[in-house]
Amino acid sequence: MSLPAINQDYLVDFLVKLLNIPSPTGFAEPAIAFVEQELSQFSQLQLTRTRKGALIAKWEVESDLPPVALTAHVDTLGAVVKEIKSNGRLRLSRIGGVEWPTVETEGVWIFASNGENIRGSILVDTASGHIYGQDMKQTPRDDDHMEVRLDARTLSKEETRALGIRIGDCAAFDPRVEVTNGFIRSRHLDDKACVANIVSAIKSLADAGQSPSRTVYFHISNYEEVGHGASSGIPPEVAELLTVDMAVVGHGQESDEFNVTLCIKDAGGVYHEGFNKKLRALAEQHAVPYKTDVYRYYASDGEAFWRAGGDVAVALIGPGIDASHNYERTHVDGLVATTNWIMAYLLG
Ligand SMILES: [Zn+2]
């Protein structure tokens, strides 16, 4: 059986829209709601939420085979307001593995608790070259020396408070999405690219009038970047959990932006050998271009479920993302390969 056709314009368009919705961990509800709205067009799916706020889409199928699950996350790196400084600027507390040099000079939105959105940018506190000269290079890029300069008239703590900003308010970095020659360049392709892969796989099957070979739960996670996204929300009758998350591209890695990768091992350990074998056989059968790889500083929502006591086989696949947790990039070929592998698994 050949795989259904993928509408690549739809895939990229959906991804760009999702990338442009700010969703740092803890503040991911707008992105969850957007995915929920998109999936509501498929009458095959029953949509529910966990108490934690994750989205579950169940595609029920008459089958003797036990159900399976797929997970991908919409939450991203970000920050919260830690302190309002005496000069009216903000100190931030980072969410997930953000490193300050990767966001220096980036634009930010501060989502104030009174409902106002306040624009700003992230700078080192010795930013002016005409004041600090060469010394600027010596300033550590750390929590104490990076600040948010607000595009609002404030020179004091009181004036910033008057804008409505409070400690704990969300700060979201601009994704800066660009699509050129099939490349998609943006922050937070981790893991919005893979959410787009899952949605595109569902759409491709639905449009072709095809169904999975067994009941499937699609788990759209909202707490992955802090390590416990899929620790709950996967039903106990599920036999396999396919985690769909980015592959690491860069020096020493086998992965690239034009293929999908099967991760054999990451910092959290080794994935399920039997499940890996099954996925590799499906990739061979459907000519899905894939690599295998090992990731150094990486853990996944599949492992989060394992650590929470989940008794399932877990595997991890995803498109290659260059410069991950930085200004990321991937290519539509990697996205298509990933979507095809997901469909091969669902139909297999
Ligand atoms: Zn991720």
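Predicted model: local features only at pLDDT ≥ 70, side-chain atom pairs only at ≥ 80, totals over all residues.
Residues are numbered from 1 along each chain as its sequence is written. Local features need pLDDT of at least 70 and side-chain atom pairs count only at pLDDT 80 or more, while totals for chains, interfaces and linings use all residues; side-chain values use heavy atoms, with hydrogens and water left out.

Strand E13 spans residues 240-244; helices (H or I, at least four residues) and strands (E, at least two) are DSSP runs, numbered from the N terminus. Five of the five residues of E13 are buried, so the strand is largely enclosed by the rest of the structure. Buried denotes under 20% relative accessible area, exposed over 50%, and partly exposed in between (1.4 Å probe, protein chains only). Glu240, Leu242 and Val244 cover one side of E13, and Leu241 and Thr243 the other. Two strands pair if DSSP finds at least two bridges between them. E13 runs parallel to strand E3 (residues 68-73), to which four bridges join it, with leucine 70 opposite leucine 242. Strand E18 (residues 313-322) is also parallel to E13 and is joined to it by five bridges; here valine 244 has isoleucine 317 as its bridge partner.

The zinc ion has as protein donors His73 (NE2), Asp190 (OD), Asp245 (OD) and Asp245 (OD), at 1.9 to 2.6 Å. Donors are N, O and S atoms within 2.8 Å of the metal (3.2 Å for Na, K and Ca); water is not among the atoms, so sites may look incomplete. Along the chain the donors follow the spacing H-x116-D-x54-D. Histidine 73 belongs to strand E3 and aspartate 190 to helix H5 (residues 189-207), so this pair ties together parts 117 residues apart in sequence. Histidine 73 is buried at 1% relative accessibility, and aspartate 190 is buried at 6%.

The largest nonpolar core holds 83 residues, of which Val35, Leu70, Phe218 and Trp341 touch the most other members. Such a core is a set of buried Ala, Val, Leu, Ile, Met, Phe, Trp, Tyr and Cys residues joined through side-chain atoms within 4.5 Å. Another core, of 21 residues, lies apart from it and includes Met146, Val148, Leu150 and Ala171. Contact means heavy atoms within 4.5 Å. Not counting residues up to four places away in sequence, tryptophan 341 touches residues including Val260, Leu262, Tyr290 and Ile317.

Threonine 154 is placed in the loop between strand E8 (146-150) and helix H4 (157-162) and is buried, with a relative accessible area of 11%. Its side chain makes a polar contact of 2.7 Å with the side chain of threonine 160. A polar contact is a pair of N or O atoms within 3.5 Å; within protein, one must be able to donate a hydrogen and the other to accept it, and residues adjacent in sequence count only if both atoms are side-chain atoms. Serine 200, in helix H5, is buried at 2% relative accessibility. Beyond its neighbours within four places in sequence, serine 200 contacts Ile6, Tyr10, Leu11 and Thr339.

Strands E6 (residues 107-111) and E7 (residues 117-124) are antiparallel and share five bridges, with isoleucine 110 opposite isoleucine 118. The two strands form a hairpin with five residues between them, and glycine 115 in the turn has a positive phi of about 95°. E6 also pairs with strand E9 (residues 170-173) in the antiparallel sense, over four bridges; phenylalanine 111 stands opposite cysteine 170 in E9.
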